Amino acid sequence: MFDRGRPTPSVLPIYPLRDQVLFPHMIFPLFVQPEEMALIEEVQAHDQQLGLVTCFDPGASCRFEFLGRIGTLARVNQILRFPEGGCKVMVEGVQRIRLFGPTQVTPFLKARTEVLEEKSIHSLVADALVQSVNSLLKIALAYGRPLPGDVLKMVDQIEEPGQLADLVTVYLTLDVKVQQHLLEALDPVERLKEVYLHLTNEVQKLQVRGEIQTEVAKRLGKTQKEYLLREQMRQIQEELGNEDPRQAELNEFRKRIAASQMPEKVLEVAEKELGRLE
């Protein structure tokens, strides 16, 4: 449906995204409502590309002024129509686009756009960042951060800093506004630097969480072990039909303290000393 050799039209149909950001090279499902089908019909009939842009309109209309000014050019890979109306559309991000202004509002939005070409960059800084991000991803995986196997394969094969930054952003739990900011970061190396900082923060959180879980597990293990040992001792004493002389002496002291009717402050001291003896 998409020919990379064909020039991208200056006017694109725009599909607003809520609470989501699509990055280039990412596969993304769109669940289109029946009232939105006019846009999909035109895309399918004219073999056009589609602009996906995040909407920050708190209302329901998603007017143009609430759209991000940087979005993603996408191609439609598959359309699955539902019997009750609407459809599921699988789209693939291709390149970043800049929005200039609407040319049509109804029955769907169209806007003037510009494709933002991203150049291949290789430098000492870029290569070092790529290696560092790869290492951090493996550390995150070791601490239990779920990463699909195909993502790890892709990461190992990616050498372009901008593409790596986009891929890692998708799998970090970042706020939509932070994702939009990274989509608008047009310098690939600067974008990867920001992603590296976010990933470092994520790994630090995972490390702290792992240390806490290890400490809690140790404490629980010690407590459970002591409880089991006490229970075993109690069962053994019951089976032997006698009581540990030391425990019998402590029990006798406890009975005497309870029966003494001593003042409250003196009682607190006596119980404290009994606890130490025990």
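Close-up 1. Valine 208 has its place in helix α6, which spans residues 188-240, where helices (H or I, at least four residues) and strands (E, at least two) are DSSP runs numbered from the N terminus. The model shown here is predicted, so local features need pLDDT of at least 70 and side-chain atom pairs count only at pLDDT 80 or more, while totals for chains, interfaces and linings use all residues. Residues are numbered from 1 along each chain as its sequence is written, and side-chain values use heavy atoms, with hydrogens and water left out. Valine 208 counts as partly exposed because its relative accessibility is 46%; buried means under 20% relative accessible area, exposed over 50%, and partly exposed in between (1.4 Å probe, protein chains only). Together with Ile212 and Val216, Val208 forms a nonpolar patch on the surface with about 250 Å² of accessible area. Such patches are made of residues with over 30% relative accessible area and no salt bridge, with like charges joined within 9 Å and nonpolar side chains (Val, Leu, Ile, Met, Phe, Trp, Tyr) within 5 Å; a salt bridge is a side-chain nitrogen of Lys or Arg within 4 Å of a carboxyl oxygen of Asp or Glu, and accessible areas come from the Shrake-Rupley method with a 1.4 Å probe, only the protein chains shown counting as cover for residues.

**Close-up 2. Glutamate 202 in helix α6.** Glutamate 202 also has its place in helix α6, and with a relative accessibility of 15% it counts as buried. Leaving aside neighbours within four places in sequence, glutamate 202 is in contact (heavy atoms within 4.5 Å) with Arg145, Leu172 and Thr173.

**Close-up 3. Helix α1 and the strands it packs against.** In helix α1, which covers residues 37-45, the residues Met37, Leu39, Ile40, Glu42 and Val43 are buried. The buried residues of α1 pack against β1 (11-18), β2 (27-32), β3 (50-55), β4 (70-81), β5 (87-104) and β6 (110-116). Just after α1, aspartate 47 takes a positive phi of about 55°.

**Close-up 4. The cysteines.** Cysteine 55 and cysteine 62 form a disulfide, with their sulfur atoms 2.2 Å apart, a disulfide being a pair of cysteine sulfur atoms within 2.5 Å. The torsion about their S-S bond is about -125°, so the disulfide is left-handed, and both cysteine 55 and cysteine 62 are buried. The sulfur of cysteine 87 lies 18 Å from the closest cysteine sulfur, that of cysteine 62, which is too far for a bond; cysteine 87 is itself buried, with a relative accessible area of 0%.

**Close-up 5. The nonpolar cores.** Among the 49 residues of the largest nonpolar core, Leu30, Leu52 and Val91 touch the most other members, a nonpolar core being a set of buried Ala, Val, Leu, Ile, Met, Phe, Trp, Tyr and Cys residues joined through side-chain atoms within 4.5 Å. Helix α2 (residues 124-142) gives the largest share of this core, 7 residues. Apart from this core lies another, of 12 residues, including Leu12, Cys55, Cys62 and Ile97.

**Close-up 6. Backbone features in two loops.** Most residues other than glycine have a negative phi, and most peptide bonds are trans. In the loop between β1 and β2, aspartate 19 has a positive phi of about 60° although it is not a glycine, and aspartate 19 is exposed, with a relative accessible area of 65%. Proline 107 is found in the loop between β5 and β6, and the peptide bond from threonine 106 to proline 107 is cis, with omega near 0°.
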